[in-house]
Amino acid sequence: MITRALRLHQGLIGFGAVRPDCTGGGSGQAAAGPGRTGAGWHRQHLVPTMPGATAVAGAVLVALLALVPSPQPIPWLRPPQAAAEWTPIHSPGVCAFYDECGYNPEVNVSLVASKVPCVSNTPAREATGGLLTLLSSVCPELVRDMAGTPRVCCSLAQLVALQVSVALSGTVLARCPSCARNFANIHCNNICSPDQSLFINVTRALPVEGTSEFAVVEYQCFYQQEFADAAFTSCHGVRLPVTGGYALDSMCGRYGAQLCTAQRWLDFQGDKNNGLSPLQINFYLVPNGTSPGDALEPLSARAYSCSEAPSDEEEPCSCQDCDESCPTITPPAGPAPPFRIGAADGALVLCGLLFALLAFLFLLALCCRHRSSKKGVVLQPAPARAPGCSERWGDAGHRALTRAFRWWGTLVASHPVPVLVVAVAVAAGLSTGFRVLHLTTDPVELWSAPGSRARQEKAFYDQHFGPFLRTNQVIVTALRGSGSSYDSTLFGATNFSAVLTMEVLQALLELQQRLAAATAEAPGTGRTVTLQDVCYAPLNPSSPTAADCCVNSVTQYFQNNGTHLAMVAQADSQGTGTVDWRDHLIYCVNSPLSFKDITTLELSCMADYGGPVFPYIAFGGYSGSEYTEAEALIVTYSLNNFPREDPRYEWVLSWESRFLELVRDFQRTHGQNLSVAFMAERSLEDEISRTMGQDIPVFGTSYFVVFAYIAVALGEYTAWRRVMVELKVMLALGGIAVVVGSVFSAMGLLALLGLPSSLIILEVVPFLVLAVGADNIFIFVQEYQQQSSREPGERREQHIARVLAQVAPSMALCSLSEVICFLLGALSSMPAVRTFALTAALAIAFDFLLQISAFVAILALDARREEASRPDVCCCCRQDKGPPRPGLRLLRPLLQRLVPGLLHPRVRPLVVLLFLFLSCTGLYLMLQVPVGLDQELAMPQDSYVLQYFSALNQYLAVGVPTFFVTTEGYNFSSTDGTNGICSSSGCDSDSLTHMVEMATRFPDVSFLAIPATSWLDDFLDWLNPTSRCCRIHQFGNASGQFCPATSALPARGLRNLTPGCPLSPPPASRTPVTAPAAARSPPRAAHRGVSPLQSPAAPRGACSELRPGPDRREPAAGAVTGALEPRWRGSPR
């Protein structure tokens, strides 16, 4: 849900305010009072203010809470006495200030234009009429706790401004009514309590021009420690789903929720430099049982527990925001511990015992047989028995196959040329399917079954929300150099890693500027593609510029602006030290949602596109939250994704190619000092495709080796002069051609049938069929050479047919069993496995058919050539026939020596034991194979993607997003439907978002790191009647119509932008009155090119509210929630 922050104009009492320095700027200073030369004041003085702007998922509103980190708080001290004249009376029923006295000239840059009160140490006024009505709504505790007519120390104008402030803070804290109420009560007491003077002491005021009044610009506020702790505790667990963290992460400065305390939390509320608080408030927490003296009594109001409902109309805080509200959760069972027997691996022990048992049984049987032979026991053969039915059928089938193959062999050997022509024609015809062959390279299409649940859910998501974003990333680390220590004037000594230097940041900035200006040609559409054509621009999706593109990097803390990066300014008005990019970076990594840092640089931390850059995305290789010690800097470009049939898909591929080119140039330029790992979304498919080209030499070499082996090993050499005649080169070429033809025929046939193929098939199937085909070739040819003598009256063709009849049945049964095995593999639902199995089955079948046809024909021609004493290659020549005698064979001598050795009585048991050992070892290792598909295994060893994967696993600590999507038909309009999804107060304890949040408490089991973000929670906050969100155009041509969040460009850093849904028409003229010189703040680096936003004050109540009606239509899909899976550095994804 995109939230629009408002331009508020009346006394915003900082729900994001005060510096944690509880003694503040004025605690030790004399205030300007009567008789002193103080700063002048004018009631109508206007300071430049920053208008609200649209931000990603409410980030702007969150940024209002996180403007300023805070220095270390100091313990409670007795307040200074120099300013007592402003509040001389500390008594019940007496005010310290009252009404409004204009704007504070000491606030240079402010997100809102807020007025400050006038000094008035007078009795409280009665609240009647409209003031009492509004007081009962804004500060009900002040009305309930008083008897009779309530008295207050605030005017109607102050109360209206307080209402706006409470409403704005409520948009963040409304998830927990108790916290929101406690937070509102703090400022209700500060502004309107009738006993205001008891716990507030004005320390500094400025005279107002043209009047005798003085305006309060700083005061001290005393709270009881117990009250402050209770209020803080009620808010400590309140979530901010839009950021995946806690609300206190953006309400406690640079301390965040983890290091936040009640003192730091309150101190942050009143710092005038945070862009929200109109004046300086210095909070003092007084320990229980002590008193600050001088008639001061620390405030000790009631603070609601987060598990307590503030009123009958409200609910306690939800479990997600309050641990006390959670039901008892039984921790889920963790992963089963590894199977162990004692301290040893259980599987290893069992496999070892299995081997020992089998070996024992084998040796026992061997010993028994050996003993029987020593006793002279002769085993008598079993008496012959009549063959059974199965044996008779088997013999009959074998005889039938023998006769069939003998007839077929005679036919082929008698007509070799026609058979070859037919075989080549059939193979060539089937191979034409390569023209329509579709190679699948998309990993989803390869490894995910179309009917699988994951695939269907992804298709549903893509259909309703579009394909998920494409990621292009660069990871930079330093090759040499060591870190340095920086002694910051504001933040103290801080360590900076070797990669966090000005030179590296400037190099990264230059790279991003080149990428922003990069263009690429899309050949299919003839379009010149730029970054803004394909980038994800969440705040300006309709007409983005390069600056609107979502780019996350460390330089975005400086809005990718070299001028901002190089800025240097004095640390304070006294000129003690300077601040530079390091101070700004220290602040931003701890408060990334801020629009203005606390340094005199006054730079925004928001990225150039208007959203925040969370440090865990821009940095890598750090410990804890020490981001400045990070070993890696990460630049991430998020691009829109499109269906493959969309023309824009080619656009994004073209730009990613250009991205890779520029990053490679950057790598070559800075390779001596920096290690640059990078990857684009298209890199995986590119690298997988590249492996095909790299494997062609491997294919050629392997086939050549097999060819040479067949050509030499199948020969039978009788004399050196007949070597060329007795070579089998053409026969080997024929065998290789048969293998290649079978592979091409299988792939072509499947392509003609419309089945896609993959690179895996191209790389694996040829080797598989080559192994099977070569084996059959050796069996056939060796048998032909072994039975070289013909029977009486037998012709050459009949000789070949007789040999084929002897070996073909076994070849057929072997090929059939292999085909059946692969066909069973084709039953797999995984597309890559199914197509591979089908291709392999067809290729083996075609290989067998070509071997008993084409190869038999080639063998017949080769036998005819050899009988004619013609050389193998130059068959046109003729040599003299040698005397018929046995020839030398290469394989048979080897086998004649190897087989007797294996059959030796002492070797045979060792062979069996070795076989048993390898079998048990293989069984154990099979159990150790991890389940999964690591994409690194598909990459070639020289791929740049492997370097990226290594850096990703080592440095990046962010996991992948996880989505929970409700399908069509879910009724969000019903109360049950809403409560079943939402996570704020009043929602079901077993709602979807609550269940996800509970799962995040056990990340080792659920793998979810942060709670889910639901659009429904944001929508309910947007409908909050106390919200000041502008929902309806109030003037202009669109007056009365709905005002969408995308009607205005978002604020980027500190740019001048005009909102599209203003609360009121701009006034005709408005002249700011400059504060007198004595009240001006010191010049700050001549503004360094930073222009605060100008915003006219809007009248109160100018924005209509939009309420849901009974005719709301149900969305087709919704409740998209996400949670990040954690990534542990050094572990696989």
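A residue is called buried when its relative accessible area is under 20%, exposed when that area is over 50%, and partly exposed in between (1.4 Å probe, protein chains only). These legends describe a predicted model, in which local features need pLDDT of at least 70, side-chain atom pairs count only at pLDDT 80 or more, and totals for chains, interfaces and linings use all residues. Residues are numbered from 1 along each chain as its sequence is written, and side-chain values use heavy atoms, with hydrogens and water left out.

**View 1. E602, a buried loop residue with positive phi.** E602 lies in the loop that runs between helix 18 (581-590) and helix 19 (615-618); helices (H or I, at least four residues) and strands (E, at least two) are DSSP runs, numbered from the N terminus. Its relative accessible area is 9%, so E602 counts as buried. The phi angle of E602 is positive, about 55°, although the residue is not a glycine.

**View 2. D99, a strand residue with positive phi.** D99 belongs to strand 3 (residues 97-103). Its phi is near 65°, a positive value in a residue other than glycine. D99 is partly exposed, because its relative accessibility is 30%.

**View 3. The largest nonpolar core.** A nonpolar core is a set of buried Ala, Val, Leu, Ile, Met, Phe, Trp, Tyr and Cys residues joined through side-chain atoms within 4.5 Å. The largest one holds 139 residues, and Y557, L585, F619 and W655 touch the most other members. Helix 26 (residues 831-867) gives the most to this core, namely 13 residues. Apart from this core lies another, of 49 residues, which include C176, V202, Y255 and C322.

**View 4. The surroundings of F619.** Contact means heavy atoms within 4.5 Å. When neighbours within four places in sequence are left aside, F619 is in contact with L500, V554, Y557, L585, V589, Y627, A630, A632, L633 and I634.

**View 5. Strand 11 and its pairing with strand 8.** Strand 11 (residues 280-286) is largely enclosed by the rest of the structure, because seven of its seven residues are buried. On one side Q280, N282, Y284 and V286 are buried, and on the other I281, F283 and L285 are buried, so that both faces are covered. Two strands pair if DSSP finds at least two bridges between them; strand 8 (residues 214-224) and strand 11 pair in the parallel sense over seven bridges. E218 stands opposite Q280 of strand 11.

**View 6. A nonpolar patch on the surface.** The patch is formed by L354, L357, L358, F360, L361, L364, L923, M926 and L927, with about 810 Å² of accessible area together. Accessible areas come from the Shrake-Rupley method with a 1.4 Å probe, and for residues only the protein chains shown count as cover. Patches are made of residues with over 30% relative accessible area and no salt bridge, with nonpolar side chains (Val, Leu, Ile, Met, Phe, Trp, Tyr) joined within 5 Å and like charges within 9 Å. A salt bridge is a side-chain nitrogen of Lys or Arg within 4 Å of a carboxyl oxygen of Asp or Glu. Helix 10 (346-374) and helix 28 (907-927) each supply at least two residues of the patch, and helix 10 gives the most, with six. L927 is placed in helix 28 and is exposed, with a relative accessible area of 51%.
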